[in-house]
Amino acid sequence: MEPLTIVVLASAAFGAGVLNAIAGGGSFLTFPALVFAGVPPIMANATSALAVSPGYLGSTWGFKPELRALPRRLLTQELLVAAAGGVIGALLLLVTPSSVFSNLVPWLLLFATLLFALGPTLTALRTTGHARGEATSLRGWRLVCLMVVCVYGGYFNGGLGILMLAMYGLVGESRLNTTNALKNINSLVLSLLSVATFVWADLIVWREGLLMMACATAGGFMGAKLAKRLPAVWLRALVITTGMVMTAVFFVRT
């Protein structure tokens, strides 16, 4: 790799680790950086998933008490659904022609950016609904809805956390800490399985991927410290701006 490429990939991965630790949205940095480095879009998507995957483990570890308090049967069902969804999403990516995926990228980035921007609104609507005691007609569709979200996560990781939080609100999960715990562990499982599928399909660019994993992990540690100092609204604005800029760039490229 050329020095400029190394700097771009390392900086993007470090920044992604910081963003994911504070507000999310790290894929808005890692995926475009890999495309800039000359990696084909499908391989860039797969390698980006590898790069940000270590962050899910730390997030899951912080919610051990909430996970232990869940019924074992429910947790097992959700983990199996997350695993299956991650693999299905990854397999869908494998059978998507490169030209089709390249045309989908700006729309996927736009969707993920809008999800991120609407995150607080979706959370507020969920909280308001539960405070009024409103029932949801989707409660019985919990596993089906989770499968749809996990397939999306296995196919394209951007905005996954927000989408999963919104899904849990729609199916009637009112406990915020439990929602975050399930979001993290399901994201971890689907990420591991989708990445394993990408490895099996030889879609990972290993030099770039391992460099970015290391830098993203370092960024995650830094982000945990910065989270106590920087206003979250600043980071959210940065993520949304980055997402919109990357969306515009990819629309121009297609």
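Student: Okay, which residue forms a salt bridge with Arg 142?

Tutor: That's Glu 78, and the closest N and O atoms of the pair are 2.6 Å apart. Bear in mind this is a predicted model.

Student: Are Glu 78 and Arg 142 buried or exposed?

Tutor: Buried, both of them.

Student: Switching to the surface: which residues make the nonpolar patch of about 270 Å²?

Tutor: Ile 88, Leu 92 and Val 95 make that patch. Leu 92 is found in helix H6, which covers residues 72-95.

Student: How does Leu 92 count, at 40% relative accessibility?

Tutor: Leu 92 counts as partly exposed, because its 40% falls between the 20% and 50% cut-offs.

Student: New topic, helix H10. How many of its eleven residues are buried?

Tutor: Nine of them, so H10 (residues 160-170) is largely enclosed by the rest of the structure.

Student: Which residues of H10 are buried?

Tutor: Leu 160, then Ile 162, Leu 163, Met 164, Leu 165, Ala 166, Met 167, Tyr 168 and Gly 169.

Student: What about just after H10, which residue takes a positive phi?

Tutor: Gly 172 does, with a phi of about 95°.

Conventions:
Residues numbered from 1 in each chain as written. Predicted model: local features only at pLDDT ≥ 70, side-chain atom pairs only at ≥ 80, totals over all residues. Heavy atoms only, no water. Buried < 20%, exposed > 50% of the residue type's maximum accessible area, 1.4 Å probe, protein only. Helix = DSSP H or I, 4+ residues; strand = E, 2+ residues; numbered from the N terminus. Patch = residues over 30% accessible without salt bridge, like charges linked within 9 Å, V, L, I, M, F, W, Y side chains within 5 Å. Areas by Shrake-Rupley, 256 points an atom, 1.4 Å probe, with all protein chains shown as cover. Salt bridge = Lys/Arg side-chain N within 4 Å of Asp/Glu carboxyl O.
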